[in-house]
Number of protein chains: 2
Amino acid sequence: MEVKVIARIENDYKEKFGIPRQSGLVKSSLSKITFEPEFRDGNAVRGMEGYSHLWLLWQFSENMDAGWSPTVRPPRLGGNVRMGVFATRSPLRPNPIGLSCVELDHMEYGDEGPVIYVKGADLMDGTPLVDIKPYVPYTDSHPEAESGFAGDVFDHHMKVEISDELLEEIPKEKREAVLEMLAQDPRPGYQKNNERIYGIEYGDMNIRFRAEDCRITVTDVERRDREQEKNQGQSSTSYGDKKV
Amino acid sequence: MEVKVIARIENDYKEKFGIPRQSGLVKSSLSKITFEPEFRDGNAVRGMEGYSHLWLLWQFSENMDAGWSPTVRPPRLGGNVRMGVFATRSPLRPNPIGLSCVELDHMEYGDEGPVIYVKGADLMDGTPLVDIKPYVPYTDSHPEAESGFAGDVFDHHMKVEISDELLEEIPKEKREAVLEMLAQDPRPGYQKNNERIYGIEYGDMNIRFRAEDCRITVTDVERRDREQEKNQGQSSTSYGDKKV
């Protein structure tokens, strides 16, 4: 079966590093979903506003060439334990389709057709969607479900420390999302280095932080737009480099 | 993106009529999932037993040629109201991929590789699967979600009446599933005819019933294997005919 891209998502997750491990963990982060021209039909979303949550089915577009692997090492298990790929939500599956539940924030209608704003996505900016479905709690919600190894290791909340000065550098409407993202401890499970300063591209910012025990300390917030003004005429700085 | 069939499901739903409208509604119905030869690797399901529920992503194989439609008429709304296809779980979507949560019953390992037995599926016998994922409640379960129009019309339980004699015709291990299936009122929303006798192919049975108000009365249970014995030498009866 040939699967078509029906829409694309836009948000502040500009690189893999920093994207929450599952949907719903960083609730305040807003994403915009725009349909591909072929599917820009207001009728196709009629009634969607009645739902509070949506399913996104999407392509693991970053991992398309990686192929599948019968076993994978979930980051949450420290990266050393191998689990069957069908017992995980890893992208390294035969059909690289991701499944994420997001909160419907609001919808707009304009030149781009219907546009859907959602919260809590765990998709990178630009990720292609292959389907959007309503979340129907009577069939989708099973709070009593047992979650194997994924449940044991979920509660990894970090305390986030940031100075008032650095907080001012983050646009007001994005502060909560940035703090939630850091509280999830975005560092890879197998790489916990207290000395290292990490950098995450989020929106037009590069957010640098250090981590120690249960505490994350933001050490710098660079705004690309401001940097560009400052650096005019100079060579550009690479913000993708995580070893800053 | 080209999507591969990774597995197939086998169960008692031999025709579209009678399949529950969503997963989890007929909890007692057992299905068997067998991987395609290319994916028969016990390692690929390592750790799956730790989960109580699984997601199945599958092809609406019965509707592959129907194409997509911006609006559809959900059967639960009586078949007269048009909703946007992305506000429904209808098969008439651009990418005909279904999403169903099922309960993991048990697993077996043998000549066919790992075999997964699940309960509560809403897939027809033989449906191809494109993915199996663990159900992870912290990200997938949202009991507080609002479910738009789908919630308003959910509670359609019927009282099912069946004589002891007819009940004896149904194999013991399938009785509960048959009664649950009928209690869902399998009749199309737009076709409520009190006079008519309906017939559902379930396993090797043809289950005939009449419906009136909130009551379904089973009028006959024909077992194909027994009928075949009786009819030896005669022309075969068509059990697919719903107008019996």
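Predicted model: local features only at pLDDT ≥ 70, side-chain atom pairs only at ≥ 80, totals over all residues.
**Entry 1: how the two copies are related**

I began with the superposition of the two chains, and found that chain B can be laid on chain A with an RMSD of 0.0 Å by a turn of 180 degrees and a shift of 0.0 Å along the axis. I noted this as the relation of a two-fold axis. The copies were superposed by least squares on the C-alpha atoms of residues with pLDDT of at least 70 in both. The same surface serves both copies, since 100% of the contact residues of chain B recur in chain A, contact being heavy atoms within 4.5 Å.

Residues are numbered from 1 along each chain as its sequence is written, chains are lettered from A and ligands numbered from 1 in the order in which they are written, and side-chain values use heavy atoms, with hydrogens and water left out.

**Entry 2: the interface**

I then looked up the contacts between the chains and noted that 67 residues of chain B touch 67 residues of chain A. The area buried between them is about 6300 Å², with 61% of it given by carbon and sulfur atoms; buried area is the accessible area (1.4 Å probe) that two parts lose on being put together, summed over both. Met1(B), Phe86(B) and Tyr138(B) supply 14% of the area that chain B buries against chain A, more than any other three residues.

I looked up the one between Arg89(A) and Asp140(B), whose closest N and O atoms are 2.8 Å apart.

The elements that give two or more residues to the side of chain B that touches chain A include strand S6 (97-110), strand S8 (128-134) and helix H1 (137-140) of chain B; helices (H or I, at least four residues) and strands (E, at least two) are DSSP runs, numbered from the N terminus. S8(B) gives the largest share, five residues.

Gly84(A) is found in strand S5 of chain A and, at 0% relative accessibility, counts as buried. I took buried as under 20% relative accessible area, exposed as over 50% and partly exposed as in between (1.4 Å probe, protein chains only). Leaving aside neighbours within four places in sequence, Gly84(A) is in contact with residues that include Pro70(A) and Thr71(A) as well as Asn43(B) and Ala44(B).

Arg73(A) is found in the loop between strand S4 (71-72) and strand S5 (83-84) of chain A, and at 49% relative accessibility Arg73(A) counts as partly exposed. Not counting residues up to four places away in sequence, Arg73(A) touches Gly79(A), Asn80(A), Val81(A) and Arg82(A).

**Entry 3: salt bridges within chain A**

A search of the whole structure gave 30 salt bridges over all chains. Lys14(A) forms one with Asp125(A), the closest N and O atoms being 3.2 Å apart. Lys14(A) lies in the loop between strand S1 (7-10) and strand S2 (30-35) and Asp125(A) in the loop between strand S7 (113-119) and strand S8 (128-134) of chain A, so the pair ties together parts that are 111 residues apart in sequence. Lys14(A) is partly exposed at 36%, and Asp125(A) is partly exposed at 28%.

Glu201(A) and Arg224(A) meet in a salt bridge of 2.5 Å, N to O, linking strand S10 (residues 198-202) to helix H5 (residues 224-230) of chain A across 23 residues. Glu201(A) is buried at 7% relative accessible area, whereas Arg224(A) is partly exposed at 28%.

Finally, I noted that Lys159(A), Glu161(A), Glu212(A) and Arg215(A) are linked in a network of salt bridges.

Definitions and conventions: Salt bridge = Lys/Arg side-chain N within 4 Å of Asp/Glu carboxyl O.
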